[in-house]
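This report concerns the packing of helices and the arrangement of strands in one protein model. Please consult the sequence and structure shown here.

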Amino acid sequence: MLRLNKISKYYQLNKSFISAISKKIKAVDSVCLEIKSGQTLGLVGESGCGKSTLARIILKLISPSSGQIFFQNQEITDLTEKQFRVLRQKIQIVFQDPYSSLSPRLTVKNIIAEPLQAFKQKKKLIEPRVRELLLNVGLNPEYADRLPHQLSGGERQRVGIARALATNPELLILDEAVSSLDLSTQAQVLNLLKDLQAKYKLTYLFIAHNLDVVRYISDHVAVMYKGRIVEQASVKQLYENPLHPYTRILLNSMPSLEKKLLLNKTQTPNLENQSLQPDNQGCCFYAQCNKAKAECAEQIPELKQIESGHWLSCFKPKEV
Ligand SMILES: Nc1ncnc2c1ncn2[C@@H]1O[C@H](COP(=O)(O)OP(=O)(O)OP(=O)(O)O)[C@@H](O)[C@H]1O
Ligand SMILES: [Mg+2]
């Protein structure tokens, strides 16, 4: 469904009163990813590691500095807005905070109808379609005339999902789509997403912080750190045999996970200091890794397949 080949996005920050030199930020750095049709790829990583930037690149809201995007085997990297228009309907997004992503002055009906109007759906078909979409996301069609503030958080997120589904997309990007919901609502929305995926053969890119949630919904998981994918594997491989030191730290910080990994607390690098570390030419995790060797500072470890379906970017996996 989707393939990214060495996608990078750099931002140039100009000189300021804080910094005398202009600085290049590598928001996304040479990312290769693949999502198979009908599957869910979970994308995890700490705040600021580049997840939303990657989502915006896939949606073609911003262009990458380099690399290629393939959607259904067609390269879309350099398509103009006009050329991309038909495909745009097939790639949609649901955001984290439905309250800020839904226009407060529009009724539910108008919020869901907006993409239909944008893609020139016939007027008389819009109302029944909105009704159908509301039913599909488990909302009573009577909600059509309500405003976002008259809905609960879970209901608002269902409206966000209905809106994203309006154009019959094939790839849905869920950027922290359940993160703002309480646990029981999260579970309901996750189950709804699973049902919708089965019903409409949807492909998901599921971006989240919560590793329990990612485990529940994903087929494969990619772990991102400082703009790079450091490990990618099936859910089973990643949760039972995590190999990258950063993945292991993430998993060890999961309260619900049995501490099978037995990562020594004294070995745990201090991730809080990461922004103070200068960028290096080598592994993006070098400054935080207590197993790092000289080569880790000098070279970027390639993302290599180490067993079927398990990809890793680390020189020292065995010693971690
Ligand atoms: N327009 C921009 N100009 C400069 N830097 C940017 C811009 N957009 C994003 N960045 C930087 O790129 C990096 C990645 O940001 P991004 O929003 O993709 O992170 P994220 O992984 O989605 O974080 P979060 O989990 O908090 O949503 C951050 O360091 C951010 O400051
Ligand atoms: Mg984000």
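The sections below treat the basis of the model, a helix pair and a sheet.

## Basis

This is a predicted model, in which local features need pLDDT of at least 70 and side-chain atom pairs count only at pLDDT 80 or more, while totals for chains, interfaces and linings use all residues. Residues are numbered from 1 along each chain as its sequence is written, chains are lettered from A and ligands numbered from 1 in the order in which they are written, and side-chain values use heavy atoms, without hydrogens and water.

## Helices α4 and α6

Helices (DSSP runs of H or I, at least four residues) and strands (E, at least two) are numbered from the N terminus. Helix α4 (residues 108–118) and helix α6 (residues 153–165) have axes that come within 7 Å and cross at roughly 30 degrees. Axes are lines fitted to C-alpha atoms, for helices over the stretch in contact, and angles run from 0 to 180 degrees between N-to-C directions. The two helices α4 and α6 are therefore roughly parallel (angles under 35 degrees).

In contact (heavy atoms within 4.5 Å), Val 108, Ile 111, Ile 112, Glu 114 and Pro 115 of α4 meet Val 159, Ala 162 and Arg 163 of α6.

## The eight-stranded sheet

An open sheet with mixed pairing has eight strands in the order β6-β7-β8-β3-β9-β10-β12-β11; two strands pair if DSSP finds at least two bridges between them. Strands β6 (91–94) and β11 (304–307) stand at the edges with a single partner strand each, so one side of each lacks a neighbour in the sheet.

Strand β6 runs parallel to β7 (residues 171–175), joined by four bridges. Gln 92 stands opposite Leu 172 in β7.

Key
Angles under 35 degrees count as roughly parallel, over 145 as roughly antiparallel, 65 to 115 as roughly perpendicular and the rest as oblique.
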